[in-house]
Structure formats: C-alpha cells, structure tokens
Amino acid sequence: MTGKERILARIEGRAPDCLPLMPITMMFAGDLAGIEYRGYASDHRMLAEAQLRVAERFGFDYVSAISDPAREASDLGAAVEWFDNQPPAINESRALIHDKGVLSGLAPPDPSVPGRMKDRVEGVRLLAERAGKDLVVEGWVEGPCAMAADLRGLNTLMLDFSDDGPFVEALFDYAVRMEIEFARAQVEAGATLMGVGDAAASLVGPRLYNQYVLPYEKRLIAEIRGMGVPVRLHICGNTRRIVKGMGETGSEIIDLDFLTPLAEARAAMRPEQVLLGNIDPVRALRDGTPESIEAALAECHAQAGEAYIVGAGCEVPRGTPIENMEAMARFARTRR
Amino acid sequence: MPELQKLYDAVLNGDQKTAVAVTQEALAAGVSPMELITNYMVPAMDKVGSLFECEEYFVPELLLSARAMKGSLELLRPLLAASGAEPAGRVVIGTVKGDLHDIGKNLVASMLEGAGFEVTDLGADVPAEKFIAAIEEKKANVVALSALLTVTMPAMRTTIEALKQAGVREKVKVMVGGAPVTQQFAEEIGADGYSDNASAAVGLARKLVA
Ligand code: B12
C-alpha cells in the first residue's frame with residue numbers, strides 16, 4: 001500500500017497493511033533539512049522541501065503544509081513577531097481586533113492574492129505535484145476558537161465569553177467563513193486532507209466549548225468535508241473534559257494531545273472513530289529511548305483499539321533523536 | 001457594615017462590578033485594606049486556584065476572577081502606599097525571550113498581587129536586559145520567569161546568566177515555572193525555586209523573601 005492508500009483505508013474503515021504514520025513535524029523537519037524556520041514559514045518551497053525529506057527519511061504516510069498559526073492573521077494585517085529559527089507568532093498586546101468595532105469592517109482575506117495564505121496554498125500545490133500520488137497532502141486551517149484568539153488576543157477572548165456572547169459568536173462566524181475559503185483554496189491546489197487546529201479550545205472548559213466552540217467547529221468541518229476531503233481535528237492541551245464533543249464534530253480523524261488518555265477518548269466516541277496520537281512529545285518522544293517509545297505507542301494503540309493512527313500528542317519537538325523517530329516509524333510499520 | 005463575604009463571592013465568581021462596589025463600601029465604613037486583602041481576596045483567589053486544579057474552573061473563569069480582584073486592588077493600592085505598608089515583596093515577572101505564552105504568567109502575577117506583593121509585569125518575549133533594568137528600577141527582590149516552550153527554556157538559563165553578569169543576581173531570588181519546566185531543570189539552571197501552579201507560586205514567593 002502507498003501511504004495515501006493506508007490513511008484512506010483507515011479512514012474508510014478498511015484494513016490497512018500496517019498502522020498509518022502521521023506525526024506533526026515542523027521545526028524538526030526544518031532542522032533535518034538544514035532550513036531555518038524563518039524560511040520554512042515564509043517560503044513554501046523550503047517547507048515543501050523539508051516535508052518531502054522528513055517523510056522520505058522516516059516513511060511518513062503524509063506531508064503537511066502546517067507551519068504556524070499566524071498566516072491568516074498576518075494577511076489581515078495583525079502584528080506578527082518573527083524569529084530566526086522559531087515559528088512566527090502573533091503579538092497579543094497589539095491584537096488586530098483589540099477594539100471590537102474593527103470586526104464589522106473587516107473583509108475576509110483573499111487566499112489568492114500574494115501573502116502568507118497564498119504561500120500555504122502554493123505549498124500544498126507543490127507537495128501535491130511532488131508527492132500527491134503516493135502520500136496524503138494535508139492542508140491546514142485554524143479552528144474558530146484559535147482563529148478568534150489570534151485576532152482578538154487570547155486573554156481578551158477568554159473574558160469576552162462572559163462579557164459579550166454575541167460578539168464572540170460574530171467573531172467565530174467570521175473566523176469560520178474565512179477558514180472555509182482558505183480550506184477551499186488548499187483543496188483546489190491539491191490537498192487530500194485538511195487539518196483543523198483549534199488549540200485555544202482546550203482552555204475554555206466544557207460549558208463554553210459546547211455552547212460556543214463546538215457549533216462552529218461542526219460547521220467548519222462539515223463545509224470542508226463537503227469539498228470532498230476528510231478532516232483531522234487537532235486540539236493541543238488537555239481536552240479530557242471536551243473530548244466527547246470533539247467526537248461529535250464529524251471530523252474523520254481526532255488527533256489528541258498527550259494529556260487526554262486515548263482510552264477516555266475511545267469511551268466517549270464511536271468505536272469506528274479514528275484516533276491519532278498521542279505520546280508526550282517532549283518526555284516520551286524526545287527524551288525517551290526506542291524501547292520506551294515502542295512501549296508508549298503500544299499503550300496508545302491498545303487504548304485506542306483498531307481505529308488508530310500513530311503520532312505524538314503534538315508537534316515532534318526539535319531535538320528529537322533520529323533513532324527515536326525511527327522507533328516510532330518502526331512501530332507503525334510492524335503493527336496493524 | 002457592608003457584608004464582606006460578598007467580596008469573597010464576587011472574586012470567586014469573577015464579578016468585577018460587585019467586587020469594586022463592596023470594596024468601596026467597606027473602605028467607606030472604615031475597614032482596613034489589609035483586612036480585605038488577607039481575609040477575603042486571598043482566600044477567594046486560593047479557592048479559585050484549587051477549583052482550577054480540579055477542573056471545575058477553566059482559564060476564562062480564572063481570568064474573570066483575576067480581573068475582579070484587580071478591580072478591587074486598584075482602589076486599595078493607593079491607600080496601602082499612603083499608609084506606608086510594605087509590600088510582601090517586590091516581584092518582577094515576565095515570559096522569557098522568544099516566548100509569547102502569557103496566560104500562566106498573568107495568573108501567577110495576579111495571585112502574587114492578590115497576596116500583597118508589588119508586581120511589575122514586563123509582559124511576554126522579554127529579553128534579559130529588561131529584567132535587569134526592572135530589577136534595579138523597582139528594587140525587586142524576586143524575579144519570576146515563565147516559559148511554555150522547550151525551545152525557550154534555555155532563555156531562562158541565559159537570563160539568569162545575564163543577571164549574574166550584570167551583578168544583580170545576588171540581590172534577587174529567581175523563581176521559574178511554566179508547563180515544560182521541572183524542579184530538576186530549575187535546579188540545573190541555578191534558580192531558587194519552582195512551582196507548577198499559580199497558588200503554589202505565592203507560597204514559594206513568600207518562602208523566598210522570608
Ligand atoms: C494557548 C496556547 C498558545 C497561544 C498563546 C496565547 C497566549 N497569550 O498565551 C498561541 C496560539 C499564541 C500559541 C502559540 C504557540 N504555541 Co502554544 N500553546 C497554548 C496552549 C494551548 C495553552 C497554554 C496555556 O495558556 N495554558 C494554561 C496556563 C494556565 O497554564 P501554564 O501556562 O502552564 O501556567 C501554569 C503553570 O505552568 C504555572 N506557571 C506558569 N508560569 C509560571 C511562572 C512561575 C515563576 C511559576 C512559579 C509558575 C508558573 O502557573 C500557571 C497557572 O497554574 C498550550 C497547550 C497546553 N494546554 O498546555 C500550547 C503549547 C504551550 N504551545 C506549544 C507550541 C509548540 C506553540 C507554537 C510554537 C506553535 C507553532 N508551531 O506556531 C507557538 C509559539 C509562539 C511563541 N513564540 O510563543 C506547545 C509547546 C511544546 C513545547 N513543550 O515546546 C504546547 C504545549 C502545545 C503542544 N502540546 O505542543 N500557543
């Protein structure tokens with residue numbers, strides 16, 4: 001089977017020849033290819049080069065255009081901080097929608113005009129050209145809560161929930177409309193799977209998640225699936241209290257961080273729901289040994305059951321030893 | 001006599017308006033600022049911290065409570081200063097260079113403030129020079145460093161090194177925290193203390209300045 005066939009088989013409930021392998025790599029991939037992260041995040045050719053290299057080196061079943069959460073916000077004119085060898089990040093003290101009134105006058109960004117969103121679209125196109133036959137090509141968009149936080153400032157958004165619910169809904173609505181178009185551009189460029197990252201959603205707790213976040217995640221995910229590609233929902237952090245809702249989003253793959261035991265996720269979801277993850281990226285993967293990594297993944301697999309894809313809880317950290325990544329790859333290739 | 005328990009409840013429930021109103025009434029009735037802080041605000045923030053630990057409260061509730069407490073503190077601060085009451089300690093806090101995560105740091109800052117420390121918050125992505133300048137300007141005796149990224153943890157070490165270079169390391173106790181930081185790491189880099197949550201950070205700071 002090719003990597004693409006393997007992932008699709010898993011998603012469609014057919015038996016792959018072995019476990020699919022989909023760890024998130026960004027800085028790790030850049031380092032492996034000798035590419036500074038500033039270049040990785042700003043030039044899709046470097047990103048594609050690094051993704052192709054890391055996938056080939058370890059036999060990943062996919063390549064991804066994920067790089068940092070600031071692409072959309074950058075194009076909208078938000079203050080973004082750049083670092084030489086680290087992902088760019090949004091400067092919250094100068095948030096774009098610092099003043100709520102800004103929202104109503106904000107036109108959604110156009111992913112077809114030159115900018116950081118278009119750079120991702122071009123990254124997807126290049127990856128699809130170079131590897132799309134054999135590997136899944138993953139596009140990436142921000143989820144509603146993460147995108148809202150990027151624009152409003154996370155600290156402020158957290159207070160908005162109680163101060164001004166209708167504003168939060170208007171902001172989430174804007175975020176979803178914009179991400180639908182961003183996803184569409186990536187699908188048209190050849191993405192065969194769409195990642196949705198909604199990191200900030202792990203902070204709000206079950207009440208606010210169910211009331212505000214979940215309905216917008218559902219809408220975004222339904223729209224993307226309507227474009228004919230499956231979705232991978234990734235929420236960093238502790239999602240134990242919202243994991244049930246995550247299972248209701250309709251996302252084909254639920255990608256969990258290490259703080260949520262896969263057994264809990266499995267208990268909260270349909271038996272066929274595909275789970276991805278979720279060893280502790282730093283303590284288990286970077287700082288572990290090939291033996292301990294194999295044991296930790298075996299535990300994940302046992303907890304998740306059959307509908308499982310191998311990965312870490314979040315991004316593979318920079319500095320992860322090659323032999324540790326190899327151990328993860330070996331685990332995937334020798335299990336089913 | 002205003003019902004002071006309402007101040008406790010207002011902070012616990014993140015109700016800034018009520019917190020401010022009760023504080024005003026209490027001050028008008030002659031209640032001392034220290035009593036409000038020690039008997040009502042600190043216990044309320046302690047409770048908030050423990051509700052967070054057991055996943056009853058989440059970040060939004062935490063930030064609401066911190067805001068309520070700050071609203072009340074705004075009124076008390078000038079009175080405390082005028083009475084010549086010494087703060088429990090002078091803390092300079094920030095997230096280290098390269099790191100923009102600030103929620104945990106903000107919570108630690110709020111809890112320390114609530115516990116009677118004078119807190120100078122330098123924000124996120126703070127270079128060592130800024131810490132050094134603030135230590136001297138504010139006559140700080142505690143420096144609190146936060147980092148959420150494994151790639152910015154080394155900046156804690158370099159910040160401590162820079163404090164030494166600048167000759168201010170001996171003047172302050174350094175405490176560190178943030179999700180990836182451990183007690184072991186804190187010891188390795190020569191910090192004076194570590195804690196894994198904001199309530200414990202208060203106890204730690206008290207111990208360090210004692
Ligand atoms: C929110 C968030 C963001 C927001 C931050 C917004 C903001 N204003 O803070 C945004 C979207 C900007 C963001 C960006 C990134 N993030 Co982020 N983010 C998170 C997330 C989801 C929550 C962090 C948080 O606020 N936790 C809640 C607070 C209350 O907890 P806390 O900070 O640990 O603080 C407590 C204690 O640690 C302690 N404490 C904290 N500081 C101090 C200081 C002292 C002195 C003491 C005593 C105690 C103490 O007390 C606090 C209260 O109890 C975490 C995942 C998670 N759930 O942990 C990832 C996470 C921290 N991020 C991560 C990453 C990788 C990134 C990015 C690099 C992503 C990317 N590829 O672009 C960028 C980096 C940007 C940068 N240069 O900083 C990783 C870090 C991995 C690692 N170990 O290196 C995490 C763990 C996600 C993951 N699983 O991989 N992120």
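**Entry 1: the ligand**

I began with the shell around the ligand and found that helix 5 of chain B gives the largest share of it, four residues. I note here that the model is a predicted one. I then asked where the ligand lies. I found it between chains A and B.

I listed the elements that each supply at least two residues of this shell. In chain A they are strand 3 (86-90) and helix 8 (154-163). In chain B they are helix 5 (103-114), strand 3 (142-146), strand 4 (173-177) and helix 9 (198-209).

Which of the 44 residues around the ligand come nearest? I wrote down A:Glu92 and A:Asp257 from chain A, and B:Leu100, B:His101 and B:Thr150 from chain B. I sorted the shell by residue class and got 24 nonpolar, 13 polar and seven charged residues.

I next looked up backbone atoms close to oxygen atoms of the ligand. For B:Leu100, a backbone N or O atom lies 2.7 Å from a ligand oxygen. For B:Thr150, I noted 2.8 Å between a backbone N or O atom and an oxygen atom of the ligand. A polar backbone atom of B:Ala179 is 3.4 Å from a ligand oxygen.

**Entry 2: chain A against chain B**

I turned to the interface of the two chains. I noted 25 residues of chain A in contact with 21 residues of chain B. The area buried between the chains is about 1800 Å², and carbon and sulfur atoms give 58% of it.

One I looked up joins B:Arg67 to A:Asp163, with the closest N and O atoms 2.8 Å apart. I also noted seven residue pairs in polar contact across the interface of chain A and chain B.

I looked up how chain B is divided and found domain 1 (5-83) and domain 2 (90-209). Their C-alpha centres lie 24 Å apart. I noted 13 residues of domain 1 in contact with ten residues of domain 2. The two domains bury about 1000 Å² between them, with 69% of it on carbon and sulfur atoms.

I found one salt bridge between the domains. B:Glu113 and B:Arg77 form a salt bridge, and their closest N and O atoms are 2.3 Å apart. On the side of domain 1 that touches domain 2, helix 3 (33-53) and helix 4 (59-82) of chain B give two or more residues. Helix 4 gives the most, with eight residues. I sorted that side of domain 1 into nine nonpolar, one polar and three charged residues.

**Entry 3: backbone angles**

I recalled that most residues other than glycine have a negative phi, and that most peptide bonds are trans. I then looked up two exceptions. A:Gly277 and A:Asn278 are joined by a cis peptide bond with omega about -15°. I placed A:Asn278 in strand 8 (residues 274-279) of chain A.

B:Asp125 has a positive phi, near 55°. I found B:Asp125 in the loop between strand 2 (118-121) and helix 6 (128-138) of chain B.

Technical notes:
Residues numbered from 1 in each chain as written. Chains lettered and ligands numbered in written order. Predicted model: local features only at pLDDT ≥ 70, side-chain atom pairs only at ≥ 80, totals over all residues. Heavy atoms only, no water. Domains from an automatic or database assignment. Contact = heavy atoms within 4.5 Å. Buried area = accessible area lost by both parts, 1.4 Å probe. Salt bridge = Lys/Arg side-chain N within 4 Å of Asp/Glu carboxyl O. Nonpolar A, V, L, I, M, F, W, Y, C, P; charged D, E, K, R; others polar. Near = heavy atom within 4 Å. Polar contact = N/O pair within 3.5 Å; in protein donor to acceptor, adjacent residues only side chain to side chain.
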